[in-house]
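Please read these notes with the model open beside you.

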Amino acid sequence: MISGHRDNANSFIKEADIAMYEVKAKGRDGVFMFNEEISNRVEEHLEIERLLHFALPNNEIMLHFQPQINRDGKVIGAEALARWHNPVLGDVSPEKFIPIAEQTGLIIEFGNFILETGFKTLREWRDAGINLEQLSINISMRQLTHHNFVLQVEDLLQRFLDDELCHKLMFEVTESIVAEDINRVISVMNRLKKSGIRFSMDDFGTGYSSLSYLNKLPLDEIKIDRSFVNLLEQNESDRAMVVTILNMANILKLNIVAEGVETAGQRDFLLNHDCQIFQGYFYSKPLPKEQFDTYYRS
């Protein structure tokens with residue numbers, strides 16, 4: 001439907017093209033009406049993509065750290081999370097800029113920066129008397145399967161960490177790894193494990209995993225996805241799913257982290273079912289390094 005004051009054929013063809021891709025993204029064989037909402041979304045995507053190229057050179061990317069708490073209420077770890085503040089866009093959600101970084105290949109450069117900053121921080125914390133059991137860092141599939149990834153990591157390990165600190169690293173991967181070349185992924189993980197790095201499967205229960213894959217991958221930990229934790233107090237099927245995951249982790253001798261813990265009720269349920277590590281706003285939001293230092297000491 002053509003309306004309004006625009007009469008540019010190229011614009012209409014572009015909009016029809018965008019609408020077609022919306023239908024394809026939803027599984028094809030459907031109808032999508034192009035509207036201002038999708039137009040604004042596309043424009044925002046393009047603007048984020050344009051400005052993202054300058055984010056690292058302009059020192060706009062930083063790390064925040066969300067505490068991980070054990071059953072006794074002690075801070076035993078942290079997850080490093082990328083944050084982007086742009087002078088034009090303000091604070092941009094990772095849910096928006098990380099997928100664009102993946103699509104454009106910028107995730108390789110970003111990932112190297114996050115690893116280097118995380119490694120430096122872990123060493124600085126140890127030197128300052130902040131002794132964590134683990135520092136979790138998210139690794140994208142594009143990073144993990146990049147031909148130079150293992151060499152990059154080994155170089156950073158030699159420059160910034162000793163053997164003790166290497167064993168505190170937990171690389172988080174998502175269930176989408178099973179859609180990749182699984183044998184290659186396992187090979188990369190095993191090479192990195194020789195340096196002491198451990199692996200966690202993030203967002204467990206939302207993707208492709210099966211028991212056979214879970215048994216093949218050299219994992220040390222799984223994280224229960226926040227979507228299950230959020231519904232613990234209202235949904236019996238999600239409670240059953242979480243109990244099943246906890247029991248399965250126990251059988252496979254994997255540590256388990258519940259992310260997205262926001263209420264005392266969720267915490268109590270997880271405690272009563274032998275969950276070991278907790279992460280979420282009930283304890284703390286992700287914090288800049290200096291605020292994390294204060295939180296740990298308090």
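1. The largest cavity holds about 30 Å³ of space. A cavity is a set of points on a 1 Å grid over the protein atoms alone where a 1.4 Å probe fits but cannot get out; points are joined across faces, edges and corners, and the volume is the space filled by probe spheres set on them. The structure has one cavity of 30 Å³ or more.

2. The model is predicted: local features need pLDDT of at least 70 and side-chain atom pairs count only at pLDDT 80 or more, while totals for chains, interfaces and linings use all residues. Residues are numbered from 1 along each chain as its sequence is written, and side-chain values use heavy atoms, with hydrogens and water left out.

3. Which residues line the largest cavity? They are L122, W125, R126, I130, N131, L132, L165 and K168, where lining means having an atom within 4 Å of a point. Helix α4 gives the most, with three residues; helices (H or I, at least four residues) and strands (E, at least two) are DSSP runs numbered from the N terminus. By class the lining has five nonpolar, one polar and two charged residues (nonpolar: Ala, Val, Leu, Ile, Met, Phe, Trp, Tyr, Cys and Pro; charged: Asp, Glu, Lys and Arg; polar: the others, Gly among them).

4. The largest pocket has a volume of about 920 Å³. A pocket is an open set of points with protein on both sides within 12 Å along at least five of seven lines. Its lining has 33 residues, and L81, P94, E95, I98 and N138 lie nearest the centre. At least two lining residues come from each of β2 (75–86), α3 (94–104), α4 (106–127), α5 (141–144), β5 (169–174) and β6 (198–204). The lining divides into 12 nonpolar, 11 polar and 10 charged residues.

5. The axes of α3 and α4 come within 5 Å and cross at roughly 120° (axes are lines fitted to C-alpha atoms over the stretch in contact, with angles from 0 to 180 degrees between N-to-C directions). F97, I98, A101, E102 and T104 of α3 meet L106, I107 and F110 of α4, contact meaning heavy atoms within 4.5 Å. These residues divide into six nonpolar, one polar and one charged.

6. Leaving aside neighbours within four places in sequence, S200 contacts M170, F171, E172, V173, L219, E221, I222 and K223.
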